[in-house]
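Hi everyone, thanks for coming along. Let me put the model up on the screen and walk you through a few places in it.

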Amino acid sequence: MIFPGRKGVRTSAGKFNALKLIPIVPDDKLFDGENSITVCLSDDNNKIPLKVKADMFVGNAVIELVNYKGLKNPSNHYLKR
């Protein structure tokens with residue numbers, strides 16, 4: 001797992017402070033290289049998956065949070081750092 005740092009992420013559910021993570025996956029026929037997946041989790045106690053991007057041999061796929069409710073902890077909407 002590579003942790004390149006924190007960043008602001010914009011989704012349909014709003015803007016959030018996020019932790020950017022890059023899992024190291026083996027080079028195979030589906031993904032384009034070992035750093036081909038990027039995951040952004042909310043930078044709070046919830047660790048909500050906000051956005052996932054995967055570079056694949058046919059293009060890329062993006063998954064994005066569009067709505068949320070019933071969180072155990074207060075959400076961390078985007079705060080300017």
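K47 is partly exposed, at 38% relative accessibility, where partly exposed lies between buried, under 20% relative accessible area, and exposed, over 50% (1.4 Å probe, protein chains only). K47 sits in the loop between strand 3 and strand 4 (49-56); strands are DSSP runs of E with at least two residues, numbered from the N terminus. Its phi is near 55°, a positive value in a residue other than glycine. For context, most residues other than glycine have a negative phi.

A quick word on the basis: this is a predicted model, with local features needing pLDDT of at least 70 and side-chain atom pairs counting only at pLDDT 80 or more, while totals for chains, interfaces and linings use all residues. Residues are numbered from 1 along each chain as its sequence is written, and side-chain values use heavy atoms, leaving out hydrogens and water.

Now, the rings. How many aromatic pairs does the rule count? It comes to one aromatic pair, with ring centres of Phe, Tyr or Trp (its six-membered ring) required to lie within 6.5 Å, and planes under 30 degrees apart called stacked, over 60 edge-to-face and the rest tilted. F16 and Y68 have their ring centres 5.9 Å apart and their planes at 65°, so they are edge-to-face. The pair joins distant parts of the chain, 52 residues apart: F16 is in strand 2, and Y68 is in the segment after strand 5 (59-64). F16 is buried, at 0% relative accessible area, whereas Y68 is partly exposed at 24%.

Last stop: D32 lies in the loop between strand 2 (14-22) and strand 3 (37-42). D32 is exposed, with 55% relative accessible area.

Key: Helices (H or I, at least four residues) and strands (E, at least two) are DSSP runs, numbered from the N terminus.
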